[in-house]
Amino acid sequence: MIGVTELEEMLENMVTARHYEERLQEEYLEGKQPAFDISAGPIPGELHLAAGHEASGAGVCQHLRDDDTVTGPHRPHHVAIAKGVDLKRMTAEIFGRETGLCRGKGGHMHLFDPDVNFSASGIIAEGCPPAVGAGLAAKMRNEDSVAVAFLGEGAIDQGGFLESLNLASVHDLPVVFVVEDNDWAISMPKGRVTDVENGAQRADGFDMPGHRVDHDDATAVYEAAGEAVGRARDGNGPTLLEVQVHRRMGHFMGDAEAYRPDADTERAQHLDSIDRLEADLRSTGADEGTVEEIRSRAKERVEDAIEWAKEQPEPDPGEAYENVFTNPPDGYAETLRGGE
């Protein structure tokens, strides 16, 4: 049974993530209009926001520890916040600043925080194999840490995902795969890109439990994730979860969404997991002051992170070739050139 403390922590993570993404949207669009210029403004490059996905990150990560591994997809901020990634350094990374998690070189899709074992990638389903590797390492070390891989429903036909399910099942690894189903694989409705309505059915082919949370409810996600994480931590193997979420924004900032019916966009705006969780918290006897305090604290944290990030220095262009894979030892380049 979920307690008041868990409800409050989950709500704060969700409100933080929602306000964070709304503020990033504002910052991102600065200087990019009226003619959209992806390279202009304080946040260069692409930006994929997960407003409407908050329940999955908060509900799953509430069960995790710092030593548990989480891999996120190209829409990672809500998961990173729930996992405890340093918000200031993450924001600096998104703004391309030298003090960012990856020294401003990775951007928002390639976050990496070893302090809480979190990483993200812009490659579809790419986080699944590393999560399986982390689960294998934990098992070989006789540790009870678990690994969680987040991915979108458009990724459930990727080879990397299916191969990861197989390896995790064969070796009974402590891995939880979390599919976030927002009904849209970029610009394609789910029914046009995959053969199953319930993505959790993919588990049937790999002899592992599969469960779908078919409504955008953080409490329901928490309960399903608790069982899955508990199984993994107790050495009982992997689980596949699919969670219904809703995409409140375009696939990326600048997406005109001409492919998306207005009714679907409006529906996503009305199905708000934050409102639902606030109602759950109030049902425990929490007053309006408690909810407002959570909202105020979350907003202040986000504003502080953005203000701090914008004040940070940009990377020195001369460091572009450092830390790419590994830096060669002194004299290595000269050796390749024949000792010049």
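This is a predicted model: local features need pLDDT of at least 70, side-chain atom pairs count only at pLDDT 80 or more; totals for chains, interfaces and linings use all residues.
# Reading a fold, one feature at a time

Visitor: How far apart are P315 and D115, in sequence and in space?

Guide: They are 200 residues apart in sequence and 22 Å apart in space, C-alpha to C-alpha. Now try another pair: V213 and V243 are 30 residues apart in sequence, with 4.8 Å from C-alpha to C-alpha.

Visitor: Is V213 buried or exposed?

Guide: V213 has a relative accessible area of 5%, so it is buried. This residue belongs to strand β8. Not counting residues up to four places away in sequence, V213 touches A220, V221, A224, E242, V243 and Q244.

Visitor: Let's move to the sheet. In what order do its strands lie?

Guide: To read a sheet, follow the strands from one side to the other. Here seven strands form an open sheet in the order β2-β3-β1-β4-β5-β9-β8, and the pairing is mixed. At its edges are β2 (112-113) and β8 (210-213), each pairing on one side only.

Visitor: Which strands does β1 pair with?

Guide: Strand β1 (residues 69-72) pairs in the parallel sense with β4 (residues 147-152) over three bridges. There, V70 stands opposite V148 of β4. β1 also pairs in the parallel sense with β3 (residues 118-120), again over three bridges. On that side, G72 has A120 of β3 as its bridge partner.

Visitor: Which way do the residues of β1 point?

Guide: In a regular strand, side chains alternate between the two faces of the sheet. In β1, T69 and T71 point one way, V70 and G72 point the other way, and all are buried.

Visitor: What about the next strand along: how many bridges join β4 to β5?

Guide: Six bridges join β4 to β5 (residues 175-181), and the two run parallel.

Visitor: Why is β5 described as largely enclosed?

Guide: Seven of the seven residues of β5 are buried, so the rest of the structure largely encloses this strand. Both of its faces are covered, with V175, F177, V179 and D181 buried on one side and V176, V178 and E180 buried on the other.

Visitor: Which residues touch the most other members in the largest nonpolar core?

Guide: This core has 50 residues, and those touching the most other members are Y20, L24, M90, F118, V148, F150 and V176. Helix α7 (residues 218-233) gives the most to this core, with seven residues. For a closer look at one member, L24 touches I43, L47, L49, H77, I94 and F95, not counting residues up to four places away in sequence. Another core, of 21 residues, lies apart from the largest one and includes A155, A168, V175 and V179.

Visitor: Last stop, the open spaces. How much space lies in the largest pocket?

Guide: About 340 Å³ of space lies there. To read a pocket, ask what lines it. This one is lined by 26 residues, with H74, I124, G152, G154 and A155 nearest its centre. The elements giving two or more residues to the lining are β4 and β6 (184-185), and β4 gives the most, with three.

Visitor: How many nonpolar, polar and charged residues are in that lining?

Guide: By class, the lining has 11 nonpolar, 10 polar and five charged residues.

Methods:
Residues are numbered from 1 along each chain as its sequence is written. Side-chain values use heavy atoms; hydrogens and water are left out. A nonpolar core is a set of buried Ala, Val, Leu, Ile, Met, Phe, Trp, Tyr and Cys residues joined through side-chain atoms within 4.5 Å. Buried means under 20% relative accessible area, exposed over 50%, partly exposed in between (1.4 Å probe, protein chains only). Helices (H or I, at least four residues) and strands (E, at least two) are DSSP runs, numbered from the N terminus. Contact means heavy atoms within 4.5 Å. Two strands pair if DSSP finds at least two bridges between them. On a 1 Å grid over the protein atoms alone, a cavity is a set of points where a 1.4 Å probe fits but cannot get out, and a pocket is an open set with protein on both sides within 12 Å along at least five of seven lines; lining residues have an atom within 4 Å of a point. Grid points are joined across faces, edges and corners, and a volume is the space filled by probe spheres set on the points. Ala, Val, Leu, Ile, Met, Phe, Trp, Tyr, Cys and Pro count as nonpolar, Asp, Glu, Lys and Arg as charged, and the others, Gly among them, as polar.
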